[in-house]
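Please keep the sequence and the coordinates at hand while reading.

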Amino acid sequence: MSQHIAKPRTTAVILAGGTGQRVGLSIPKQLLKIAGKAVIEHTLTTFENADSIDDVIVLMAQGYVPDVEKIVAKAGFKKVSKVIEGGSTRNETTERAIAALGEGLAEGEDANVLFHDAVRPLLSQRVIDDCVVALERFQAVDVAIPSADTIIVTRTHGEDGEFITEIPDRSRLRRGQTPQAFKLSTIKRAYEVASNDPNFQATDDCSVVLKYLPDVPIHVVAGDEYNMKVTQPVDVFIADKLFQLASTAAPEQVSEEAYRELLTGKTMVVFGGSYGIGKDIGELAESYGAKVYALGRSTTGTHVENPEEVDDALSKAYAETGRIDYVVNTAGVLRIGKLAETDNATIEEALKVNYLAPVQIARSSYKYLSETKGQLLLYTSSSYTRGRAEYSLYSSTKAAMVNLTQALSDEWAGDGVRVNCINPERTATPMRTKAFGQEPSGSLLSSEAVARTSLDVLLSELTGHVIDVRQQDPTAGAARASGFEQALATVLDRQDGV
């Protein structure tokens, strides 16, 4: 009869003892805000959401423990069990973590530990899971990526400067990242042996195992390029951009019964609901039992650029149903042409419909959505990442939708109001046909596919996300591939998108 063996507890130790000197800051760089949140909050969010992690301990720079405790409390992180002041050196900080990890363990009991730099906020769930799985076979695990650069070894010769003494074989060189994962008993033993060395000094934990426990193999897990460390001033800018560009996978579609259960009795207001994506969203939600107010210039005479008409539409929906759960805005105009040759009326129309209208819709919707803990759903365009010639008005206003989404999701988080943004690839809509004429069959997304993904997002707990919808996806156009890997694809794939 086989005996069930319980899995060891897995703890993530966030090493946040660094200062902001190299970034030119007066505060630790892990408290620097990127994409609206402190760097360490992004990092903690990743581990909070990791199914393979049981709890988290933070080792914070001296004097800043209360700052992290406030972040943890405000974000509601449930896995963070301790915030401890780090030591004056990396060695001392790790030793404090090891001591804290040993508390509460029974004699002979072991555990898994992942040491991760707080200033690597772009870590993927895949890397975390790979590390934990590797610990089932190995006692020590590192994360690394191949070096794209040639590495040279130099020696300084007085005032003449540096000279190359060796060029190692690049095929064998790797750039180390974190996490570094260990059996607790292994890393504890390595530090115990190292403590007998009067010259002991380490910048990472795998090197301690390598030097002081040479018989312990250190397995290497593949890292990724996006797992960058925020160290230099340029890193702050790059990380911020990656957060802005990174798109999120749409939630998995639920069953027909679940759609009906979630939408029956709910109220949805759709601006731009006369045709295309907006019309399809409204009809889909209505088929599952929602009360839908589909508003548009050609059907209900609703002009989104008129704040009074927006207010009236929302007031009517609320008066008739007593609630508003979802507000969707797909209204927009696409005007192509050189800016210098564009008349004032066209510029004013683009700004009013594509930018000011969503702002007014958001402002008017807030009081209703805060009652129901509902969601505002906006739409951007695949051209938002880089403005194109003759699309200056459209691209710039669509980029504003991404920033508006991210800002409002943060601003309204405390009230439980979610805000997301759908970013469809080129889609077959009347607006696009009017601008470009008939295009090859199969080259565009269907508006129905975008509507289905939009509904999945509305029913999710996501907030502050840009959700890509791509045609090549096997599930009828709904986005499934996601994460920071998509940031690069975003830039490459959207060169001709609108």
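In which hand does α3 pass α5, left-handed or right-handed? The model is a predicted one, and in it the crossing of α3 with α5 is left-handed.

## Packing of α3 against α5

Two packed helices are described by the angle between their axes and the distance between the axes. For helix α3 (residues 90-102) and helix α5 (residues 184-194), the axes come within 11 Å and cross at roughly 135°. That angle makes α3 oblique to α5, because an angle counts as roughly antiparallel only when it is over 145 degrees.

On the α3 side the contact is made by N91, T94, E95, I98, L101 and G102, which meet L184, I187, K188 and Y191 of α5. By type, the residues of this contact divide into five nonpolar, three polar and two charged.

The buried residues of α5 are L184, T186, I187, A190, Y191 and A194.

## Nonpolar cores

The largest nonpolar core has 34 residues, and those with the most contacts inside it are I40, L44, V56, V58 and M60. Two or more residues are given to this core by each of β1 (10-16), α1 (39-48), β4 (55-60), α2 (65-75), β5 (80-85), α4 (125-134) and β7 (140-146). Of these contributions, that of α4 is the most, with five residues.

When its neighbours within four places in sequence are left aside, I40 is in contact with A16, Q30, L31, V58, M60, V68, I71 and A118.

## Backbone geometry

The peptide bond that leads from T178 to P179 is cis, with omega near 15°, and P179 is found in strand β10 (residues 174-183).

Two residues other than glycine have a positive phi: K373, where the value is near 55°, and E390, where it is about 75°. K373 is found in the loop between α11 (344-372) and β15 (375-379), whereas E390 is placed in the loop between β15 and α12. K373 is partly exposed, with a relative accessible area of 46%, and E390 is likewise partly exposed, with a relative accessible area of 37%.

Helix α12 (residues 392-412) holds S395. Why does S395 count as buried? Its relative accessible area is 4%, and S395 is therefore buried, since the term applies under 20%. Apart from neighbours within four places in sequence, the residues in contact with S395 are S383, Y384, G387 and R388.

## The chain as a whole

The secondary structure of the protein chain comes to 15 helices and 19 strands. Of the 498 residues in the chain, 49% are buried. Among the contacts between residues at least 6 apart in sequence, 74% join residues that lie at least 24 apart.

Conventions: Residues numbered from 1 in each chain as written. Predicted model: local features only at pLDDT ≥ 70, side-chain atom pairs only at ≥ 80, totals over all residues. Heavy atoms only, no water. Helix = DSSP H or I, 4+ residues; strand = E, 2+ residues; numbered from the N terminus. Buried < 20%, exposed > 50% of the residue type's maximum accessible area, 1.4 Å probe, protein only. Contact = heavy atoms within 4.5 Å. Axes fitted to C-alpha atoms, helices over the stretch in contact; angles between N-to-C directions. Parallel < 35°, antiparallel > 145°, perpendicular 65-115°, else oblique. Left-handed = near helix turned anticlockwise from the far one by under 90°. Nonpolar A, V, L, I, M, F, W, Y, C, P; charged D, E, K, R; others polar. Core = buried A, V, L, I, M, F, W, Y, C linked by side-chain atoms within 4.5 Å.
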